Amino acid sequence: MERIKVDLKAKSYDIVIGQKLEHEIISFLKEKRYTNRFIVIDQHVYEMHKEKVDVIIDGFPFLVINGGEENKNFIVLEQILKSMVEAKLDRKSCLVIIGGGVIGDIGAFAASLFMRGIACVQVPTTLLSQVDSSVGGKTAINFQGVKNLVGSFYQPEAVFIDVDYLVTLDKDHIYSGLGEVVKYGFILDGEFIDHYHYHRENLLVLDPKTMIQIISQGIQFKTTIVTKDEKEDSIRKILNFGHTIGHGLEVLETFDGAHGQAVAEGMIYESILAFDRGMISRQYLDEIIQICQPLFQWKTWTDGDKEEMLRNIRLDKKNEGHKIHMILPVARGMVTIVDDVTEEEIKNSIRREA
């Protein structure tokens with residue numbers, strides 16, 4: 001079992017990574033002496049891991065909801081908040097959130113709103129949520145067709161990453177998580193790219209020892225950044241490599257992949273844009289394509305698709321004024337924040353051949 005501390009002074013918390021963590025979770029909750037608990041659970045996770053989840057429920061009230069991206073909205077948020085009222089939670093209560101990125105985002109957002117904020121504990125169950133979205137305190141729902149437009153920064157009391165949940169993931173969700181895993185190598189550490197190459201086969205079969213090691217390394221990268229820039233005012237923005245165009249892809253009706261797959265495709269297009277600007281070599285671009293392309297299904301995007309992507313990109317939270325900000329690679333394991341990307345450059349980068 002691994003334990004990583006997120007050092008945010010008064011808001012610091014531990015991330016525990018291992019297997020069979022349900023009793024570790026119960027011990028933590030009892031030790032904190034919360035006045036009450038309520039548990040929000042992803043429907044698929046409850047169906048696949050009912051015995052494991054029931055241990056965490058421990059007789060307290062709970063709500064099972066569908067974890068699809070289409071449910072990351074005000075209607076489901078209101079449903080969670082109403083259930084918290086019915087469960088008679090107070091300011092010293094705790095919301096336990098068990099599920100992937102959607103459940104984690106909307107559950108933590110509900111915790112941040114209820115009585116102006118109550119404790120929450122994250123139990124992420126997908127590779128993507130374990131290595132990325134459950135760490136760092138971002139919460140959100142989608143609004144007006146734009147991903148994560150309404151939300152807050154709200155840190156959990158603890159995160160428990162149990163790799164046993166990964167065994168029921170389908171191929172797309174494994175690939176989705178790997179997209180976020182390898183991103184850390186592109187933005188921070190070229191040696192981690194080599195590490196990914198070396199362990200890729202073990203990652204694809206979800207070898208527990210390899211998963212704990214890789215997830216721990218990814219979280220170490222992210223916590224290093226989050227502790228320096230909790231609210232994404234500066235360096236934390238580099239974690240969004242691939243997300244500017246990736247989020248644009250996700251809003252398309254014809255896009256049928258998972259979040260990390262959109263990020264993987266976005267990293268290719270943003271790298272093509274960097275190559276077109278002369279920022280990276282052809283050799284490095286080819287390596288990025290070689291790593292990311294197997295993680296999603298190529299499609300040919302129409303001019304109409306690109307316009308719809310741009311509508312979302314114009315509302316990207318990194319932008320300032322009317323300038324589009326984007327994270328672009330400059331070398332192996334290094335990126336930079338660029339604030340003068342044009343819409344024409346973006347449209348031109350969304351292509352298969354560089």
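Trainee: How many salt bridges does the count come to?
Mentor: First, a word on the ground rules: this is a predicted model, where local features need pLDDT of at least 70, side-chain atom pairs count only at pLDDT 80 or more, and totals for chains, interfaces and linings use all residues. Residues are numbered from 1 along each chain as its sequence is written, and side-chain values use heavy atoms, with hydrogens and water left out. A salt bridge here is a side-chain nitrogen of Lys or Arg within 4 Å of a carboxyl oxygen of Asp or Glu. By that rule, the count is 30.

Trainee: Which residue forms a salt bridge with Asp164?
Mentor: Asp164 sits in the loop between strand E9 (158-162) and helix H7 (171-188), and its partner is 112 residues apart from it, in helix H3 (residues 50-57). Helices (H or I, at least four residues) and strands (E, at least two) are DSSP runs, numbered from the N terminus. The closest N and O atoms are 3.5 Å apart, and the partner is Lys52.

Trainee: Is Lys52 buried or exposed?
Mentor: We call a residue buried under 20% relative accessible area, exposed over 50%, and partly exposed in between (1.4 Å probe, protein chains only). Asp164, at 17%, falls in the buried class. Lys52 has 12% relative accessibility, so Lys52 is buried.

Trainee: What separates Asp286 and Arg282 along helix H12?
Mentor: These two form a salt bridge with their closest N and O atoms 3.0 Å apart. Asp286 is partly exposed at 34%, and Arg282 is partly exposed at 37%. Because they lie 4 residues apart in helix H12 (residues 282-292), the separation is about one helical turn.

Trainee: How many disulfides does the count come to?
Mentor: A disulfide needs a pair of cysteine sulfur atoms within 2.5 Å. Take Cys94, which is buried at 0% relative accessibility: the closest cysteine sulfur, in Cys120, is 7.0 Å from its own, too far for a bond. By this rule, the count of disulfides is 0.
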